[in-house]
Amino acid sequence: MSEKFFFDEAVPKKFAAVTLDQCDKQPGSFREFARVWALKPESVLLLGDTGRGKTQFAFAMIRQLFRSSTKKIWPRYYTSPEMDAILLNASRTEGGDKFIIAAMGAEDLLFIDDFGRETNSERVKRQYFEILNMRYAKLLPTLISSNLTLDQIAQQLNSAIASRFQEFQILEFTGPDLRVQKKIC
């Protein structure tokens, strides 16, 4: 998969052309972190309230990865509700979710956007834990964006997942909602 294919086919149009330079509302230290991360990707948790630029920044990180990494890494992107729907559908067939869980657990780079917006059920807790634990054990890089804190993740989803997230690099997005525009009139 090429950078062009990924951004043309797998990324929402709103983020298809994003670069780190366009993330100028984020601290310079975040952009420098992303440049270093692209050379040797590891798991990163992007936390912060709605509209702080987490998704845009994650896609800018992935673009930088395509441009800087000496290794070929094929990213996979899901919103958490989309991933939940795929897993739910797979679980309706006998043993069906095992294949999907194994595939998601083995992706070169998995980006889960809006983590915490999935269905809150025992099935989701089990499936997400299996995927994230598999990736954790194999040291595969995972990007997670969430509006939740680690404590909220522990309460809503699973304390074991929240515990593993503590070993991720954590970037906390603060400041104003970047989607809010000033009214002219």
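Q: In this predicted model, how many nonpolar, polar and charged residues make up the lining of the largest pocket?
A: Start with the size of the set: 18 residues line the largest pocket. Glycine counts as polar here, and Gly 51 and Gly 53 are among the lining residues closest to the centre. Split by class, the lining comes out as three nonpolar, nine polar and six charged residues.

Q: What volume does the largest pocket have?
A: Rolling a probe the size of a water molecule over the atoms shows where empty space is left. Done on this predicted model, that gives the largest pocket a volume of about 310 Å³.

Q: Which element gives the most residues to the lining of the largest pocket?
A: Elements giving two or more residues include strand S2 (75-79) and strand S3 (109-115). A helix covering 54-68 is on that list too. With three residues, the top contributor is H3.

Q: What is the class make-up of the second largest pocket's lining?
A: This pocket holds about 220 Å³ of space. Its lining includes Pro 41, Leu 139, Leu 140, Pro 141 and Phe 168, along with Glu 42, Arg 135 and Glu 167. Tyr 136 lines it as well, and Tyr counts as nonpolar here. The tally is six nonpolar, two polar and three charged residues.

Q: What phi does Leu 139 have?
A: Most residues other than glycine have a negative phi. Leu 139 is not a glycine, yet its phi is positive, at about 55°.

Q: Where is Asp 114, and what is its phi?
A: Asp 114 belongs to strand S3. Its relative accessible area is 26%, so it counts as partly exposed. Like Leu 139, which has a positive phi without being a glycine, Asp 114 has a positive phi, here about 60°.

Q: How much accessible area does the nonpolar patch of Met 1, Phe 5 and Trp 74 have together?
A: Trp 74 comes from the loop between H3 and S2. A patch residue needs over 30% relative accessible area, and Trp 74 is partly exposed at 32%. Taken together, the patch has about 290 Å².

Q: Which helices does the salt bridge between Arg 63 and Glu 3 link?
A: The two side chains meet at 2.5 Å, N to O. They are 60 residues apart, so to speak from distant parts of the chain: Arg 63 is in helix H3 and Glu 3 is in helix H1.

Q: Are the partners in the Asp 84 and Arg 123 salt bridge buried or exposed?
A: Their closest N and O atoms are 2.5 Å apart. The pair links helix H4 to helix H6, 39 residues apart. Asp 84 has a relative accessible area of 5% and Arg 123 has 17%. With the cut-off for buried at under 20%, Asp 84 is buried, and Arg 123 is also buried.

Q: How many salt bridges does the structure hold?
A: Side chains of opposite charge can pair when their charged atoms come close. Some of the bridges share partners, joining Asp 97, Lys 98, Arg 126 and Glu 130 into one network. The count for the structure is eleven.

Q: What distance separates the C-alpha atoms of Asp 49 and Thr 174?
A: Asp 49 lies in the loop between strand S1 (44-48) and H3, and it is partly exposed at 47% relative accessibility. Thr 174 is 125 residues away along the chain, yet the C-alpha separation is 7.3 Å.

Notes. Residues are numbered from 1 along each chain as its sequence is written. This is a predicted model: local features need pLDDT of at least 70, side-chain atom pairs count only at pLDDT 80 or more; totals for chains, interfaces and linings use all residues. Side-chain values use heavy atoms; hydrogens and water are left out. On a 1 Å grid over the protein atoms alone, a cavity is a set of points where a 1.4 Å probe fits but cannot get out, and a pocket is an open set with protein on both sides within 12 Å along at least five of seven lines; lining residues have an atom within 4 Å of a point. Grid points are joined across faces, edges and corners, and a volume is the space filled by probe spheres set on the points. Helices (H or I, at least four residues) and strands (E, at least two) are DSSP runs, numbered from the N terminus. Patches are made of residues with over 30% relative accessible area and no salt bridge: like charges are joined within 9 Å, nonpolar side chains (Val, Leu, Ile, Met, Phe, Trp, Tyr) within 5 Å. Accessible areas come from the Shrake-Rupley method with a 1.4 Å probe; for residues, only the protein chains shown count as cover. A salt bridge is a side-chain nitrogen of Lys or Arg within 4 Å of a carboxyl oxygen of Asp or Glu. Buried means under 20% relative accessible area, exposed over 50%, partly exposed in between (1.4 Å probe, protein chains only).
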